[in-house]
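Please find below a short note on the model under review. The comments are set out as numbered points, to be read alongside the coordinates.

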Amino acid sequence: MSRRTKLLIALGAIAFLGVSFLLARYLSTENRERDAVYALLRDQARGDVPGMLRRLHGCDARCRADVQADARRLARPGEVKILAYTSSTSYALGSATGPTRVAWTIVNRQLPVVQCVEVQRTGTVLTGRGINLRRLSVPIDSQGSC
């Protein structure tokens, strides 16, 4: 095997590893967003208003009032289970802001609740991705959209 062939193989392997790293970083953003929304819903189901407010960035007075009302009305014991999750920011290449419709329930305890979460994604695959939850809506109709 010639020196040039070895160099091309090495460069190809480095390029493959670089692309794989960027792709993994890009795809992990979906999981990080879902985990952030799940943690917010778990705080809500526990009635943990301060916990919810820590997770919501830029929550104004109306948002805080909705959080307090939701935490009182939707607090219940048990494990939160996400039934449906539709994100308008999914697979965004750059920064994006939009609603995520999430249907959730407490296992074996209640009818599903449908809410909208405003999600803001910042950064890029190269500079690092950020996930900010901006607002959580009051429950909407089970067939409603965000």
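Predicted model: local features only at pLDDT ≥ 70, side-chain atom pairs only at ≥ 80, totals over all residues.

1. Helix H1 spans residues 3-46, a run of 44 residues. From its first C-alpha to its last, the helix reaches 64 Å, close to the 64 Å expected at 1.5 Å a residue. Just after H1, Gly-47 adopts a positive phi of about 75°.

2. The buried residues of H1 are Tyr-26, Thr-29, Glu-30, Glu-33, Val-37, Ala-39, Leu-40, Leu-41, Asp-43, Gln-44 and Ala-45. In an α-helix there are 3.6 residues a turn, so residues three or four places apart point the same way. Tyr-26, Thr-29, Glu-30 and Glu-33 are among the buried positions of H1.

3. The packing partners of these buried residues include both helices and strands. The helices are H2 (49-55) and H3 (61-74); the strands are S1 (80-87), S2 (96-106), S3 (113-124) and S4 (128-136).

4. When residues up to four places away in sequence are not counted, Gln-44 touches Met-52, Asp-70, Ala-71, Leu-74, Ala-75, Trp-104, Gln-115 and Leu-136.

5. The structure holds 2 disulfides. With the bonded cysteines of the chain numbered in sequence order, the pairing reads 1-2, 3-4.

6. Cys-59 counts as buried because its relative accessibility is 13%, under the 20% limit. Cys-63 also counts as buried, at 0% relative accessibility.

7. Cys-116 and Cys-146 form a disulfide with sulfur atoms 1.9 Å apart. The torsion about the S-S bond of Cys-116 and Cys-146 is about -95°, and the disulfide is therefore left-handed. Because Cys-116 lies in strand S3 and Cys-146 in the segment after S4, the pair ties together parts that are 30 residues apart in sequence.

Technical notes
Residues numbered from 1 in each chain as written. Heavy atoms only, no water. Helix = DSSP H or I, 4+ residues; strand = E, 2+ residues; numbered from the N terminus. Expected span 1.5 Å × (residues − 1). Buried < 20%, exposed > 50% of the residue type's maximum accessible area, 1.4 Å probe, protein only. Contact = heavy atoms within 4.5 Å. Disulfide = S-S within 2.5 Å.
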